[in-house]
Every structure is written in C-alpha cells, then in structure tokens.
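Subject: The structure we talked about

Hi there,

Here is the structure I promised to pass on to you. Have a look at it first, and then read my notes below with the picture open.

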Amino acid sequence: MSTSTKKMGRAGARSRTLGSLGQLFARYGIVIALGLIVLALSVLSDNFLTSGNLTNVLRQVSINGILAVGMTFVILTGGIDLSIGSVLALTGMVASLVVGSKPHSPILAILAALAVGVVAGACSGIFIAWVRLPAFVVTLGMLSAVRGLTLIYSQGMPISNLSSGFKFLGQGTFLGIPVSVVLFGATALAAWVVLAYTVYGRRVYAVGGNMRSAHTCGINVRGIIFSVYALMGLLSALAGVTLTARTTAALPQAGVAYELDAIAAVVIGGTSLTGGIGGIPLTVVGVLIIGLLNNGLDLLGISSYYQQVIKGLMIVAAVLIDKARHADAA
C-alpha cells in the first residue's frame, strides 16, 4: 500500500470520526449541555446538589414545564402563543373567586378555570385557523385583552381567601413528591404519548412540516391548528391554578413574561420554530436547563439582570443551531 493511500485512509477515518461526533452532538447536545451545567454548578456551589434545593428547583420549573408542553404543540405546527401568561393570570383569578364563594368545592374552581382557559385558547385558534390571521398578531392581541379582563375582573386587587383543599394542588405532596411536579410529569408523559404514538400526534407534525401537503393528504389542517391553541389554553389554566395554589393568592399581574420562558424552553430543547421538528422529551430538558441556570445563578449571587442576558443568548444560540441543522439537511 502506498504512502498516499495510507494518508487518504487516515484522513477518511478522521473525517468519519468527526462526522460521528457531529451527529452525536446534534442529537444529544442538549442533554450533554444539561449534564455540564449540573457538573459546573455542583462544583461552584455546595448547596446545589442538596435534596432540598433540587426539590425546590423541580417545584419552580413545574409551572414553566406545563406551559412549555403546550407550547411544544403550538410551535410544532409552526405557530406561537404570546398570551399564555395573561391566560394563566385570568384563570388563577377565576379559580380563586370560585373557591372563595364555595370553599368546599376546589374541584369546581379548577374546572371553571380550565374551561375559561380552553375558551381563551379557542378564541385564538379561531382567528388563526379560520380567519387566517398571523399567530403572532392574534396572540399578542389576546395577551393585552386577557390581561385587561383580569384587571377588570379583580379590580386590580389580589385574592387570597383560598381553601386548604385548593392550596394542596400547589403546596401538597404525593408519595413525597410535590403535587405540582407530579402534574408536570403527568402532563409531559401524556403529551409525549400523544405526539409519539397517536394519529393526532402524527398530524400535528405533518401540519408543521408542510401544511399544503398535509391538506392534500386529507388532514383537517384548520382543525389541528385550532386544537393546539385550545390545548395551550387548557394547560395555561392548569399552570394558573397550580401557581395560585402554590402562592396562596391570585395576583392580577401573575404570569408576566411567562410566555418567554416557555418559548425559550421549547426552542432550547430543539423544537424548530418553523414547525414539524421537535418533541416533549427535549422540551423537558430545556425546562430543566432554564430552571437549573436560574437556581444556580441565584445560589452564586449573580444578578437577575445578567440571568436575562444569559437566557436571551441561549435562545439565539439555539435558533442558530437549528438553522445550521436545517442547512446541513438541505
């Protein structure tokens, strides 16, 4: 074998190795990043890996996690929902008012809040799916309108007369695990099953991948788009009642900018803003990354202002990676 042939063989082997590493990073890079964050914070702070702190982190990320699960469905169809923080506040207020008038009926309060959330999401879905207005514009308008309704409904005042049964949703535990974390886990698991193993899930991906082709294949595109916004409203309401129960009060200003954290978690988790690519498991990883960073930076005494900068840079980096991935695929 000639020297040139050997060199070509070694170059080919290096190229294959680098290609394999690139594919490995593209597929599992977000999980690797989560591991590195945990390792770094464990070294930098003695309080990070304590059971109390990790339980606190899970309790804190549960609200954003529930929202991010719903946002995954929306973004998979190529849409966006900016109104979820306002819907969260309104539904928390509705639940508080119902439980205040009927303290022994927390289930009725929860059901009322969930119904209001579905209606709010359905309103957005109608304008996006059938009137064909841009999702950004519709949900931006809903963000303002629903926040205004919350302020009118509450007269700008918090409501704190909550029953112990209602508070259990946000403060109680089940088998030693916070109920809010159980709700997040159950929501994520159910959403994963729906997207991975049902016809509806395949249709969500199809609509986001190529709306015209999905319509040609007989998929009710408008129905799918409508449904993901209604689902987003439902999960916003679930997050709203959970947050209200945890804080023991419904605040009219609750949920401000929560949509940004939910979108960040989904995008960092690798779901493409153009739709059709992504899923629940990596969204959960994205939620954990944001939660662990917020917690770790707090433990290290880093200002929340810098935390916002870091979060913004992470979102931009995730979008750049997604763009590069699409360019390579093309």
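Let's begin in the loop between α10 and α11 (258–268), where you will find Thr 248. Please keep in mind throughout that this is a predicted model. Thr 248 has a phi near 65°, which is a positive value in a residue other than glycine. For background, most residues other than glycine have a negative phi.

Look for Gln 155 in the loop between α5 and α6. Gln 155 is exposed, because its relative accessible area of 65% is over the 50% cut-off.

Now back to α11, which is mostly covered, as eight of its eleven residues are buried. The buried ones are Glu 259, Ala 262, Ile 263, Ala 264, Ala 265, Val 266, Val 267 and Ile 268. Just after α11 comes Gly 270, with a positive phi of about 100°.

Val 267 sits in helix α11 and counts as buried because its relative accessibility is 5%, while the cut-off for buried is under 20%. Eleven residues along the chain from Val 267 is Gly 278, and their C-alpha atoms are separated by 8.9 Å. Val 267 also pairs up with Ala 317: the two are 50 residues apart in sequence, but 9.7 Å apart in space, C-alpha to C-alpha. Ala 317 belongs to helix α13. Is Ala 317 buried, partly exposed or exposed? With a relative accessible area of 34%, Ala 317 is partly exposed.

There is another pair of this sort to look at. Leu 90 and Val 116 are 26 residues apart in sequence and 8.3 Å apart in space, again C-alpha to C-alpha. Leu 90 is in helix α3, residues 84–101, and is buried, with a relative accessible area of 11%.

Next, the empty spaces. Rolling a probe the size of a water molecule over the atoms shows where empty space is left. The lining is made up of Ile 290, Leu 293, Asn 294, Leu 297, Gln 307, Ile 310, Lys 311 and Met 314.

The second largest pocket holds about 410 Å³ of space. Its lining has 18 residues, and those nearest the centre are Ile 128, Ala 129, Met 211, Val 221 and Ile 225. Four helices each supply at least two lining residues: α4 (106–129), α5 (135–154), α9 (211–216) and α10 (221–247). Which of them gives the most? That is α10, with four residues.

Last, turn to the outside. A nonpolar patch on the surface has about 1000 Å² of accessible area in total, and is formed by Ile 32, Leu 36, Leu 39, Val 43, Leu 44, Leu 299, Leu 300, Ile 302, Tyr 305 and Tyr 306. Both α1 (3–44) and α13 (304–329) supply at least two of the patch residues, and the largest share, five residues, comes from α1. One member to pick out on screen is Tyr 306, in helix α13. Tyr 306 is exposed, because its relative accessible area of 56% is over 50%.

Enjoy exploring, and write back with any questions!

Best wishes

Definitions and conventions: Residues numbered from 1 in each chain as written. Predicted model: local features only at pLDDT ≥ 70, side-chain atom pairs only at ≥ 80, totals over all residues. Heavy atoms only, no water. Patch = residues over 30% accessible without salt bridge, like charges linked within 9 Å, V, L, I, M, F, W, Y side chains within 5 Å. Areas by Shrake-Rupley, 256 points an atom, 1.4 Å probe, with all protein chains shown as cover. Salt bridge = Lys/Arg side-chain N within 4 Å of Asp/Glu carboxyl O. Buried < 20%, exposed > 50% of the residue type's maximum accessible area, 1.4 Å probe, protein only. 1 Å grid on protein atoms, 1.4 Å probe; cavity = no way out; pocket = protein on both sides within 12 Å on 5 of 7 lines; lining within 4 Å. Points joined across faces, edges and corners; volume = space filled by probe spheres on them.
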